[in-house]
Amino acid sequence: MNMGRTVVLYASRYGTTERYAKEIAQRLGCKAVNVKQWKQQRFSDYDTVIFGGSLYASAIRGVKALTKHEALLDGKRLIVFTVGMAAPDSPTLEQVRAQNFSPDMQRRIAFFHLRGAMDYARLSPLHRLMMAGMHAAVGRMKEPTEELRLIQETYGKRMDWTDRAAVEPIVAAAKA
């Protein structure tokens, strides 16, 4: 497959998704483009569209760049990766797919999740408030999930779970 007909789009708030997108693009020899600079009519220039978005309470940042142009993506290879605190094998990721994509898109998308980073000092006031609320709620739970325990344990700290090698399955899917 001609990797020149592949594009990596991304929506990143704090930079982790952007770093992963650029790593994938470098390995594939294609462009990484922030969805803010993307023009939907350009979908016709590509055979493979890879999209990465950071994950916030099951919502994928920037995903409307794909979902509102679903018809323009017909016949294209679609690969989506999310970036967040959840483990890549978390059962909650199926809910993320269902919440963000139509049933048809869910069937067509190769879906991946990568571990991200968290730096509470860099969070926006809204995100800081949301994390404080979640931290308090988890503290009251008798049996929080592994993901919720992770939020509790890392609250207020700087954590980085990124792994450049984690993009390999995405690169392989694009080359397949």
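The model is predicted, so local features require a pLDDT of at least 70 and side-chain atom pairs count only at pLDDT 80 or more, while totals for chains, interfaces and linings use all residues. Residues are numbered from 1 along each chain as its sequence is written, and side-chain values use heavy atoms, without hydrogens and water.

The protein contains seven helices and eight strands; these are DSSP runs, numbered from the N terminus, with helices (H or I) of at least four residues and strands (E) of at least two. Its radius of gyration is 17 Å, close to the 16 Å that the globule rule gives for 176 residues, so the protein is as compact as a globular protein of that length. This radius is taken over C-alpha atoms, and the rule is 2.2 Å times the number of residues to the power 0.38. Along its principal axes, the C-alpha trace spans about 50 × 30 × 30 Å.

Of the 176 residues, 44% count as buried, a term that denotes under 20% relative accessible area, as against over 50% for exposed and in between for partly exposed (1.4 Å probe, protein chains only). Among contacts with a separation of 6 or more, 77% join residues 24 or more positions apart; contact means heavy atoms within 4.5 Å.

The largest nonpolar core has 24 residues, of which Leu9, Val49, Phe51, Ile60, Leu66, Phe101 and Phe111 touch the most other members. Such a core is a set of buried Ala, Val, Leu, Ile, Met, Phe, Trp, Tyr and Cys residues joined through side-chain atoms within 4.5 Å. At least two of its residues come from each of several elements, including strand S1 (6-11), strand S3 (48-56) and helix H3 (92-100). Beyond residues up to four places away in sequence, leucine 66 touches Phe43, Val49, Phe51, Leu73, Val80 and Met105. A second, separate core of 17 residues includes Tyr10, Ala25, Val83 and Ile170.

Valine 8 lies in strand S1 and is buried, at 0% relative accessibility. Although valine 8 and valine 33 are 25 residues apart in sequence, their C-alpha atoms are 6.2 Å apart in space. Residues up to four places away excluded, valine 8 touches Ala21, Ile24, Ala25, Cys30, Lys31, Ala32, Val33 and Ile50.

Threonine 17 belongs to helix H1 (residues 16-28) and is likewise buried, with a relative accessible area of 1%. Apart from neighbours within four places in sequence, the contacts of threonine 17 include Tyr10, Ser12, Gly53, Phe81 and Val83.
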